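The sequence and structure are shown first.

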Amino acid sequence: METTDSETTSYPSPLTVEGESVERGTSPNCDSQMTDSGLESIAENDCPVLGGNEVTQEFVFAMIDMFREGKNRMLSESDVVSILNRGLTIFKNEPTLVNVELGETEKLTICGDIHGQFFDLLNIFEMNNYPKAHNPYLFNGDIVDRGAFSVECVLTLLCFKILHPDKFFIARGNHECDEVNELYGFSEELRNKYPDSPLLIKKFSNLFNWLPLAHLINGKILVVHGGLTGKKGLTLERIRKIRRGRPPPAMGEMTDLLWSDPKPDAGVSPSPRGSGVLFGPDVTEDFCRRNGIELIIRSHELQMDGFSKTHNGRILTVFSAPNYCDMHGNAGAYVTLNGSNLKPRPHVFYEVDHPEATPYIS
Ligand SMILES: [Mn+2]
């Protein structure tokens with residue numbers, strides 16, 4: 001297996017997408033006037049304003065550019081609520097297990113944990129191109145917590161979901177949950193960035209409750225944040241029937257999908273994480289055989305090389321937060337798949353600089 005990205009990488013301006021450019025504003029402050037056209041206000045101010053307008057590519061790239069400057073400037077609370085409402089409508093219409101059908105020539109990029117590392121997220125887009133209808137992505141959970149830029153990460157990914165609802169996918173991770181966010185940073189970051197909006201965390205947590213739990217690529221590859229369950233006889237049908245719109249309960253299949261990890265020896269045992277289980281290669285083999293699954297792609301665990309294969313090649317773990325928490329020295333990886341052969345190809349990358357900001361390490 002190839003372990004490094006040998007493709008030619010290019011580093012386009014964040015404001016340029018395939019020849020379309022977005023006007024930069026010049027005003028250094030955020031006291032923007034709402035105008036009838038969102039685009040006008042983007043051009044007039046450095047702070048993009050959505051107002052009641054549609055989320056457009058111009059808006060999204062102006063927002064990314066504002067975030068990239070790293071001066072902690074934020075969208076207005078009402079624009080965040082508007083993005084959350086639009087995202088919620090889309091996710092409520094998606095099933096618990098989303099079918100992704102890749103055509104012969106279509107490529108899909110799968111990313112693992114991002115954990116608030118916004119500048120590393122942008123680096124992925126610069127290496128692998130920004131999300132577009134013909135450049136679909138699947139983010140496999142744990143977008144928020146730990147890193148200092150979770151708000152930037154989650155808003156960026158939600159905007160791409162709104163732009164390309166059928167070609168951009170987000171799965172729930174164990175960190176897309178308000179109880180976990182209270183312990184690992186996202187809630188605190190939100191309080192710091194929106195001190196006058198104490199109810200925003202509830203809006204985020206409601207959206208998180210509706211994120212799909214898993215994706216099925218061409219019927220052959222299951223993508224899930226954590227892993228399999230300790231209960232016998234798990235089927236795709238049972239995953240499809242898991243009720244969402246709620247936080248993961250203390251135990252059960254929903255919780256296992258988000259929290260479990262593979263282990264080298266056979267059988268199922270309690271997880272040291274306190275949630276989910278550890279499952280052996282026999283559990284994986286049995287699940288794959290009974291459900292016609294060739295490969296499980298999951299995330300959830302730090303990988304020093306960004307990815308690893310285990311369980312006789314049936315499990316591929318991908319982790320996309322390089323130098324996790326600014327201290328682990330690990331590489332990150334993302335995986336690309338082509339519809340013609342569904343062979344996963346890992347691309348390894350390293351951390352980039354980010355503005356001074358301390359990760360949330362409890
Ligand atoms: Mn996780």
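UniProt, in an unreviewed entry, places the feature "active site" at His 175; UniProt positions are given in the numbering used here, feature names are shortened, and annotations may be inferred rather than shown by experiment. The model is a predicted one, in which local features need pLDDT of at least 70 and side-chain atom pairs count only at pLDDT 80 or more, while totals for chains, interfaces and linings use all residues. Residues are numbered from 1 along each chain as its sequence is written.

His 175 lies in the loop between β6 (168–170) and α6 (178–184), where helices (H or I, at least four residues) and strands (E, at least two) are DSSP runs numbered from the N terminus. With 26 other C-beta atoms within 10 Å, His 175 is buried; a residue is buried if 20 or more other C-beta atoms lie within 10 Å of its own, exposed if 12 or fewer, and partly exposed in between, with C-beta atoms placed from the backbone. Leaving aside neighbours within four places in sequence, His 175 is in contact with Asp 142, Val 144, Asp 145, Val 180, Asn 181 and Tyr 184, contact being counted if the C-beta atoms of two residues, placed from the backbone, lie within 7 Å.

The protein chain has eleven helices and 16 strands, and of its 362 residues 45% count as buried. Among contacts in the protein chain between residues at least 6 apart in sequence, 68% join residues at least 24 apart.

Two packed helices are described by the angle between their axes and the distance between the axes. Axes are lines fitted to C-alpha atoms, for helices over the stretch in contact, and angles run from 0 to 180 degrees between N-to-C directions.

| Helix pair | Angle | Axes apart |
|---|---|---|
| α3 (residues 77–93) and α8 (residues 200–209) | about 15° | 9 Å |
| α2 (residues 57–68) and α5 (residues 150–163) | about 170° | 10 Å |

The angle makes α3 roughly parallel to α8, whereas α2 and α5 are roughly antiparallel to each other; angles under 35 degrees count as roughly parallel, over 145 as roughly antiparallel, 65 to 115 as roughly perpendicular and the rest as oblique.

The contact of α3 with α8 involves, among others, Val 80, Leu 84 and Phe 91 of α3 and Phe 204 and Leu 207 of α8. In the contact of α2 with α5, the residues include Val 60, Met 63 and Phe 67 of α2 and Leu 155, Cys 159 and Phe 160 of α5.
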